[in-house]
Amino acid sequence: MLGFLVRLLPFWVREPLLILVGSVFSVRIMYLAHRDGEWVAAAIGLVFLVFTAVRVHTVARALRARRAPVPAAAVAPAPQTPLTPPTTPAAPAVAVAAQKEPNAWGQAVAAVAVFAALGAALWLGPHLLPSDDDGAPRPASCAGGEDEELPGAYRRTPRAVTGDELCNALNRPDLAQLLGTPTETATAVSGTSGTAPLTDGKVAQPEAEVRFDTYTVNVSVTYNELSIAQYVKLMEYGEETDVKTLSVLGRPAVLASDHTMKIEINFGGGSGGPVEQGPPARTLSVALDAKDRGGYYDITVWSTSGALPDDGALLDIAEKVLPTIPERTV
């Protein structure tokens, strides 16, 4: 319908209008494509730019045709008698037609003036109208999994937190600031309601993870009978380094360092690479309750570069996140 209406417009109104709209759209789309790194949008903007160039060429050719001299029509002289007074010669038809034809430049200027407001609205509209999208990347959000069936270990554990609840507690607006990187935005978040390994699915172990450009934070809850005191003794026989016991929120806790695991998966078939040692990680383990009757939270931070925040960042995260995680009832 819009195309039909555009075709009804006079040439010297339609073409400047198409040039104006094409220019606005092409520049705007290519600007957004450059800002967001979208190559498909850049291709669309290029199509609009080519369309505009074709219309400009059409108008330029029409202007050259109008400026070309029109050959005078050969008109046979009318016979006159000496008794008849000479009559005034009629004006050529071409001249009459030229007087009646509307001014091309006037139409073009009028078209530009009328539709300049349209172009300004298309270009400045996103900046003038109130909007929550300021061009900054939006933080990732937790995907709801209320319909997901939980393993049997969660039904046997009174008020075991789910992966979604843990994700919502960890994905805080101030998490990047707690890590010491306040300008970063979460790029990926996830929450899973799994079970602890080597327990035959009998111990609930939900976990959540929030990834930034610099650091990745993982929080898990293990609902077993292992206390922090027993956990510290196990660390003495393991490879954990830089072990430090402390109290967090009035509960026993321990800080330890270890390495993550790097696993290469080959989706094209064949065997994947061997399990390798990943970047170092720092973990803060906190008992589920002050009496240390079993079970603990693990807050782990690592980065691909190997850099780690100081221990104060893990303590701040624990003090902010743990009180928002639903407690299990005993």
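Is Cys142 buried or exposed? Cys142 is buried, at a relative accessible area of 18%. Here, buried means under 20% relative accessible area, exposed over 50%, and partly exposed in between (1.4 Å probe, protein chains only). The model is predicted: local features need pLDDT of at least 70, side-chain atom pairs count only at pLDDT 80 or more, and totals for chains, interfaces and linings use all residues. Residues are numbered from 1 along each chain as its sequence is written, and side-chain values use heavy atoms, with hydrogens and water left out.

Cys142 takes part in a disulfide. A disulfide is a covalent bond between the sulfur atoms of two cysteines. The structure holds one disulfide (a pair of cysteine sulfur atoms within 2.5 Å). Cys142 is joined to Cys167, with the sulfur atoms 2.0 Å apart. The link of Cys142 and Cys167 is left-handed, with -90° about the S-S bond. Cys142 lies in the loop between helix H5 (104–128) and helix H6 (152–156), and Cys167 in helix H7 (residues 163–170), so the pair ties together parts that are 25 residues apart in sequence. Helices (H or I, at least four residues) and strands (E, at least two) are DSSP runs, numbered from the N terminus. Cys167 is buried as well, at a relative accessible area of 1%.

Helix H6 contains Arg155. This residue counts as exposed, at 63% relative accessibility. A polar atom of the Arg155 side chain lies 3.3 Å from the backbone oxygen of Leu150. This is a polar contact, that is, a pair of N or O atoms within 3.5 Å; within protein, one must be able to donate a hydrogen and the other to accept it, and residues adjacent in sequence count only if both atoms are side-chain atoms. Arg155 and Ala204 are 49 residues apart along the chain, and their C-alpha atoms are separated by 9.2 Å.

The loop between strand S1 (188–195) and strand S2 (204–211) holds Leu198. Leu198 is not a glycine, yet has a positive phi of about 65°. Leu198 counts as exposed, at 91% relative accessibility. Asp200 also sits in the loop between S1 and S2. Asp200 has a positive phi of about 60°, although it is not a glycine. With 69% relative accessibility, Asp200 counts as exposed.

Val301 belongs to strand S7 (residues 296–302). Val301 is buried, with a relative accessible area of 0%. Contacts (heavy atoms within 4.5 Å) were listed without residues up to four places away in sequence. On that basis, Val301 touches Leu179, Tyr215, Thr216, Val217, Ala281, Arg282, Leu308, Pro309 and Leu314. The C-alpha atoms of Val301 and Ser257 are separated by 9.9 Å, the two residues being 44 apart along the chain.

Met30, Leu46, Leu49, Val50 and Val54 make a nonpolar surface patch of about 400 Å². Patches are made of residues with over 30% relative accessible area and no salt bridge; like charges are joined within 9 Å, nonpolar side chains (Val, Leu, Ile, Met, Phe, Trp, Tyr) within 5 Å. A salt bridge is a side-chain nitrogen of Lys or Arg within 4 Å of a carboxyl oxygen of Asp or Glu. Helix H3 (residues 39–67) supplies the largest share of the nonpolar patch, four residues. Val54 is placed in helix H3. Val54 counts as partly exposed, at 42% relative accessibility.

Note on methods: Areas by Shrake-Rupley, 256 points an atom, 1.4 Å probe, with all protein chains shown as cover.
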